[in-house]
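Please walk me through this structure, part by part. I have not seen it before and would like a plain account.

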Amino acid sequence: MSDINETPDEAGDTGHEWDGIRELKNPIPRWWMVSFYASILWLVLYLILYPSIPLITGNSEGLLGWTQVKEYKDGMKEVEAIRAPFEKRIKELDVGGILKDTELSQFAIASSKVLFGDHCAPCHGSGGQGTSGLYPVLVDDDWLYGGKIETIVETIAEGREGSMPGHKDSLSQKELDDVVKFVQSLSAGSFYAPGKKVYLGETAGEAECAGCHGEDGKGLTDFGSANLADGIWRFDGTQEGIMHTILYGVNEDNPDTRKAKMPAFGEKLMPEQIKKLAVKVHLLGGGQ
Amino acid sequence: MSENIKEQELAELYSESEYWHVNLGETTIHAKRISGKFRNIKWIIAAAVYLPCFLVPYIRWEGKQAILLDIPGRKFNFFSLHIWPQEVWMLALLLMLFFLVMHAVTSVAGRVFCGYFCWQTVWVDVFTWIEEKLEGPPVARVKLDAAPLSFHKVKIKAAKHTIFLLLGVFTGISFISYFIDVYDMWGYYFTLSGPKEIWITILPFAIGTYLGVAFMREQICFWLCPYARIQGVMSDADTIMPTYNFKRGEPRGKIKRESGDDEKKLGDCIDCSLCVAVCPTGIDIRHGQQEGCITCGLCIDACNSIMEKVDRPKELITYISLRELLGHRHRPFYKRGRVLLYFAIILSLCSGIVWGLITITPLSLTVIRERQPLFVMLSNGDIQNKYTLKILNKSNSDIDVAVKVRGLRGAVLELRPSKITVPAGKLKKVTAFVREHRENIDGKSTLTYFKVENMKNKKMRDSYKTVFMGPKR
């Protein structure tokens, strides 16, 4: 405001004139020139210090040697340096030892988030909620093969494949109806006597259910046979669902059979990664 | 005819511009210093407000700095009180309170803040005092400025600017001392070490103080300060401000001893211009209230000293409202609607802050419900919900916490870890499983409350409302 030029004509003009508008020779404001030169200086410094000049095979490196990738790698090194002691202990300790150490299990849970998302979540859901009728729930307290931490490690490393014979040909319709009612009554806490004979294989059909599922129907973790006496169903708890499972079995050689196969991750994943996942699954809520 | 009127109006409109000088800082204002009532008030307020500002960081409380804005720790220590970012709404209220107090004060008594409390005007006052000690009174200063470069001039100027720069740096350091333990801070400065922030932060303060106070001075008030403009529009005809009583003063004129007749026609103002000479912003108060007036009252001191000498009544320039000056009755502030409205808002802001301070609890709970899955059916038929409890301990000692769940009939609560100790100033995450019999749940979701309390002090507690989810019935 104080720069208002009272005598604009004093400096003369350049001789350029368009429609009566002349170009005067007045100097550009000083602050403007100062910032102009400062930005030129900035440009020169930037060119020298940072990678900026494109060359035929790449670009100038700049005195500071800075690159985005390098900054990223430095950052990652920093992160890995913080993680290193934890990773070392996870490698050294057995999985039971990790589970006992609260801090270490917290680390295992936090650092296995991506692993879980990549390898487990596609079937078992991002929160371990399973997929109804297809893939088991990981957050409940019901385990086909056992919920001990060592067993979970085994399951992840070696995979699991359920098996149950289909009884389409061996059971009569009457026997089938009876055993379905019996299995339903098991989990309801009541008891349907006629079906028990079929269950124990004492009828003509020779079902031999108890051989795998146990006389009390609680299942045997050694076989991975489901607990029939609890409130959780591996496949389908409706009358039709139970009947379907008994008729066509699990992993049998017929198109209607139930499928229950978990791949082995032992070759895909490092032992410490499996340990981390096992700790995470164990602490989801149902670990024993 | 109508054109004549228009021209006349225009002429009146521009008549002011003849004496209206826009101060753009071409000439440095060297205000004269004279003693008086407002001069003393200015010093007393400056000492009472600004000395504590520099000294407060050195106060210790419970082994720590009493007032500390701990940015890395993300909390504000105020004696025994620790305010966390969660309570930042109180800061909002506090800032609104400051703003409204300024409005209220301005509408009652003008730019009191500018005149007596503003950091800029107080610091300019201190700087010019130093200037006067080094370079002499205003006349000498103007002479020195105009004098050619000499060893004497360089010596004085160098000394002055060194002191100014040092004061700027000290200002920066004093600001930083609110953000870092002050004794650590001096340690860092003397050993040239410490975090780079404490070195970098000095710069804007040192440079800002040096440029703003040593060079720009009243230009800041004129052209940069938004508060000056905001405050300017807060005053009205009822606001009491330093005002030249033109009824008494005009027509102004020098006293002529010989002709007694002329003297009688003249007003009390003897046109000595001392009121202009003492003004730190270089305005002439006799032109009426204006944007440059910071209402410091120094012209009142000046005029009164002259009136005393010429044996005329004092208070030719005085604190008075425009309404009273024009002969109407003065309206006291408690009869003015806007002032009362300001006070009502101020009162509600104060009560908000007080309520906030009373209800701050050192223990705070947040509950996050697990949503994948929403609930889990257990093998015995029960339903399980999973929650993550985030328990925050804002106090200075570790707290053993008890957790309870309310709102469910037969709920079993399992905590991991089962014994919870929240370390001082830390957040603890706890996983909670709640199990409930299926028949105890009426609908799809049931209102549930988590409660945490200090096991040793039951009054220290917090609760959080959430839901317990189950299957559709």
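## Domains, chain contact and local geometry

The C-alpha centres of domain 1 of chain B and domain 2 of chain B are 31 Å apart. This is a predicted model, in which local features need pLDDT of at least 70 and side-chain atom pairs count only at pLDDT 80 or more, while totals for chains, interfaces and linings use all residues. Residues are numbered from 1 along each chain as its sequence is written, chains are lettered from A and ligands numbered from 1 in the order in which they are written, and side-chain values use heavy atoms, with hydrogens and water left out.

Chain B divides into domain 1 (24–234), domain 2 (240–335) and domain 3 (363–469); such bounds come from an automatic or database domain assignment.

One salt bridge is counted between domain 1 and domain 2 of chain B. A salt bridge is a side-chain nitrogen of Lys or Arg within 4 Å of a carboxyl oxygen of Asp or Glu. B:Arg229 and B:Glu291 form a salt bridge through their side chains, at 3.1 Å from N to O. Twelve residue pairs are in polar contact across the interface of domain 1 and domain 2 of chain B, both residues at pLDDT 80 or more. A polar contact is a pair of N or O atoms within 3.5 Å; within protein, one must be able to donate a hydrogen and the other to accept it, and residues adjacent in sequence count only if both atoms are side-chain atoms.

Helices (H or I, at least four residues) and strands (E, at least two) are DSSP runs, numbered from the N terminus.

Next comes the meeting of the two chains. Chain B gives twelve residues to the contact and chain A gives 15 residues. The chains bury about 1,200 Å² between them, with 56% of it on carbon and sulfur atoms. B:Gln372, B:Ser379 and B:Arg416 supply 41% of the area that chain B buries against chain A, more than any other three residues. Zero salt bridges are counted between chain B and chain A, but four residue pairs are in polar contact across their interface (both at pLDDT 80 or more). Strand S9 (376–377) and strand S10 (383–393) of chain B each supply at least two residues of the side of chain B that touches chain A.

Chain A divides into domain 1 (13–59), domain 2 (88–161 + 264–282) and domain 3 (173–259). The C-alpha centres of domain 2 and domain 3 of chain A lie 29 Å apart, and their contact takes twelve residues from domain 2 of chain A and 13 residues from domain 3 of chain A. About 870 Å² is buried between these two domains, and carbon and sulfur atoms give 50% of it. A:Gly133, A:Asp142 and A:Leu144 supply 54% of the area that domain 2 of chain A buries against domain 3 of chain A, more than any other three residues.

Some local geometry remains. Most residues other than glycine have a negative phi, and most peptide bonds are trans. A cis peptide bond joins B:Glu250 to B:Pro251, with omega about -10°. The peptide bond from B:Arg416 to B:Pro417 is also cis, with omega near -5°. B:Phe79 has a positive phi, near 50°, and sits in the loop between strand S4 (75–78) and strand S5 (81–83) of chain B.

Notes:
Contact = heavy atoms within 4.5 Å. Buried area = accessible area lost by both parts, 1.4 Å probe.
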